[in-house]
Protein chains: 2
Amino acid sequence: MFNNFRPREGETVYLQVHDFLKQMIRTAALQPHDKLPSTREMVGRLGVSRNTIIAAYNQLELEGLIYSIQGKGSFVQEAAGPSVAAWEMNWNSRINDYAGVAEEMDPLKHGVRPERGMIAFSSIAPDEKLFDLNNFKRAFLDRVSIEGEVVLNYGYAQGYQPLIDYLRGYMESKGTDMFGKDILITNGFTEGLDLLLSSFRKRSGRILCENPTHHSALRLFRMHGFEVRGVAMEPDGLDLEQLEAALAEQAYDLAYLIPSYHNPTGIVMSPDKRVEALRLFGRYGVPVVEDGFSEELRYSGAHVAPLIATGGAGNGVAYIGSFSKILFPGIRVGWLAADRELIDALESVKRARSIHTSTLDQSLLYQYLHNGYFDKYLKKARQVYKSRYEAAVHACREHIPFVRLSGDGGLHLFVELDPAVDTEILLDQCYEQGVVFTPGETFYTDGGGRHTMRLGFSRLTEEQIERGISVIGRTIRTWEPANE
Amino acid sequence: MFNNFRPREGETVYLQVHDFLKQMIRTAALQPHDKLPSTREMVGRLGVSRNTIIAAYNQLELEGLIYSIQGKGSFVQEAAGPSVAAWEMNWNSRINDYAGVAEEMDPLKHGVRPERGMIAFSSIAPDEKLFDLNNFKRAFLDRVSIEGEVVLNYGYAQGYQPLIDYLRGYMESKGTDMFGKDILITNGFTEGLDLLLSSFRKRSGRILCENPTHHSALRLFRMHGFEVRGVAMEPDGLDLEQLEAALAEQAYDLAYLIPSYHNPTGIVMSPDKRVEALRLFGRYGVPVVEDGFSEELRYSGAHVAPLIATGGAGNGVAYIGSFSKILFPGIRVGWLAADRELIDALESVKRARSIHTSTLDQSLLYQYLHNGYFDKYLKKARQVYKSRYEAAVHACREHIPFVRLSGDGGLHLFVELDPAVDTEILLDQCYEQGVVFTPGETFYTDGGGRHTMRLGFSRLTEEQIERGISVIGRTIRTWEPANE
């Protein structure tokens, strides 16, 4: 009866033996007071070491599932407590398409995951080595001594008032006219976008965005059942002719744009295009959701005002902000700046769904900003990321036979290769050499981009950047001899 | 042209003047280089003090909307920057029913809000004066010194591993068989329930629950478009006959239950009923979502195992846990314990919607628990809340002519009055005497309960409890002379 034990690779063997026996006790294949085979006998039956069997028996005994009698062996314990009302559900049959799409498009369940020691261009998370933990500690102690226990109790759905006020000023400093507009604190950019999409009336059921675009946004669009129409990117942002044609052709519920350091292309949309694009959206009555995710990471050139600022006194743009690509993404605080009526509705949705964002995290972020630590930190972070950015651009120029290279700042570059190169296959080949990146297809609205890739450099040293990109370049050249 | 200024009560007057003038500049009622009336003249026109006018002008000048010339006065500035692309959206027309229900059922937008100094029985938030901030600080410094910057960077959607492991053990200590089950960390109970409802396939589109039940759950059911069927409560929990009749009559997608210290009635469901109810749900194949929100607040009697423990090796119960009614609700950390397949799907939804719960908050909570502070704190909190509970029970018996009084522990009592008493009207009358509570109707699935109320005592002193309840009692007696 112990013959169908098959150890699975990569899992602790004694726990597998434990689970196997527990299952037999559960299903009454082993009855109360049945004697278990001795650990010696079990070695032969299960084909694992005696120490493994002993560890499994010990664990079962700890849990009260078996008991042992000195010199006699181990026996199955009687089920404890009142008679249970156990029954089985098939949960998978209860999961809807919304969750199904989330699983299907979950990068951690399908993508290639770098192993330890590999050079990973797949991340655009900030480098935690840059975080100034001491100032963060100071902010914590400051805030706690000012607010006391209040930072640990319930707050309001709209957010922590001092942080709201601070961000209002911050948006104004970016040129935004906040008159008639308001701020809602969210659990990062992602929750902000999800709150919006959840609350949006579907009329056409269609969303317009840049192609390629942020894959997490694409995933949310699809989860919410929206059809997605992409508009191609030019070196200075959205192709306006294509945009106008798309607007003329069909109706859209909203447009989603990343005008600065666009994900994945890294392109900054020019000021003139911003004005022109907004006029077009206004003419067709399509509201714009602006993703300002790494606007702060400018290394050169002038500051370009966000779309919400370009929109002046108008209310057609809802801006989603985040410091997560620079500052402490682990604390999950972002914000929405938009028309007051919209914020008012979303505040109720936020309250219904998660009450509010952590009071502690909001108040710490506020204190950190208030103490002026952010500006100092940003200066340092910009310097480091700028060097990595330049190293990445240099290495790409040196090693990669690209058709187009883009990235005006931020934490990543985007590479377009000869259309004959398939970056999914390229990834497999680079993986074997210890280098990974993000194949571009995942960012495309239309299944295109198989010859593109995103290279995130935020967590790599300049030396790793040079070495990794040279591996990618060499692999492209040898893999595609026909193109040489 | 300045005649239509009408100051609104409760808002800072100079900001209102500022907004009024800004609007005139915006709409071009005031043109570039128009001279504004002197501050003296404005006093007469707007009917506010001169200091108010000066403050408003200063603010407008700060924002670059007006400029002043020494000895000449203030003038409207020309619009700065490139031509804007301002346009107006009617956001209200873009909001869907989901958000509409959230607004409609938002207690902070419709309910009576206590003023400062009132005795408020409307809250069941913990009393922050009990929080042991020093141990929390210690946990912060401990965790930060162990983990370093990692606590501030991105984590995984399922949660912070040490906290997951801790909660797994915690669920086992409540008697739960975690074999084949897993944990997902959420932003409190509310997000846990919302994740579940969002991901649930609608078959019948119907949910079964206790009547009355937690109003935040009711709101989420309605936002997600579920029809709700309530089953009456007996002093030891769900009326099983009604339950069986309801199950036999119709199909349900799921059942939502609060078996311990039920909100709002405070009833603890008896162990026998738990077994019997679970058998019924099993027979009809209806999965159960168990809300364990204040299970820890037992003041007397034996521990009753949660339904998920009663379910033994079965997987039909999904448990949502939270420490928010005891420990630090401001940090928004809760958990789901359920079948592994279900957790796996919800993990992807969580990742898509908010990436993960704050790494900082999770790691602090873990350290706090790990350091053993929770047990010490719980002992102290139980003692304090027990005294308040007893004071509340005593005062109700003394002052309130109730038909039924319930509450076996937790942070609130539930009072059923003579059906002739309308607690909405009673609330208005008590409000005038400085006392507020929660009228019961909001908890009912069927518009019933107009003669009931919930009394939360967690944040009140024993003296306030006695005084407040005596006011309520007196008001009932004088308001309903027909019943005397």
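## Salt bridges in a predicted two-chain model

In this predicted model, B:R168 forms a salt bridge with B:D182, their closest N and O atoms lying 3.9 Å apart, where a salt bridge is a side-chain nitrogen of Lys or Arg within 4 Å of a carboxyl oxygen of Asp or Glu. This pair links distant parts of the chain, since B:R168 sits in helix 7 (residues 161-173) of chain B and B:D182 in strand 4 (residues 181-186) of chain B, 14 residues apart; helices (H or I, at least four residues) and strands (E, at least two) are DSSP runs, numbered from the N terminus.

Side chains of opposite charge can pair when their charged atoms come close. By the rule above, the count over all chains comes to 49 salt bridges. One of them joins A:D106 and B:R351 at 2.6 Å, N to O, and crosses between chains, from the loop between helix 4 (97-104) and helix 5 (107-110) of chain A to helix 13 (residues 340-354) of chain B.

The table gives relative accessible areas, with buried meaning under 20%, exposed over 50%, and partly exposed in between (1.4 Å probe, protein chains only).

| Residue | Relative accessible area | Class |
|---|---|---|
| B:R168 | 22% | partly exposed |
| B:D182 | 17% | buried |
| A:D106 | 0% | buried |
| B:R351 | 7% | buried |

A:D194, A:R353, B:D194 and B:R353 are linked in a network of salt bridges.

Residues are numbered from 1 along each chain as its sequence is written, and chains are lettered from A in the order in which they are written. Local features need pLDDT of at least 70 and side-chain atom pairs count only at pLDDT 80 or more, while totals for chains, interfaces and linings use all residues, and side-chain values use heavy atoms, leaving out hydrogens and water.
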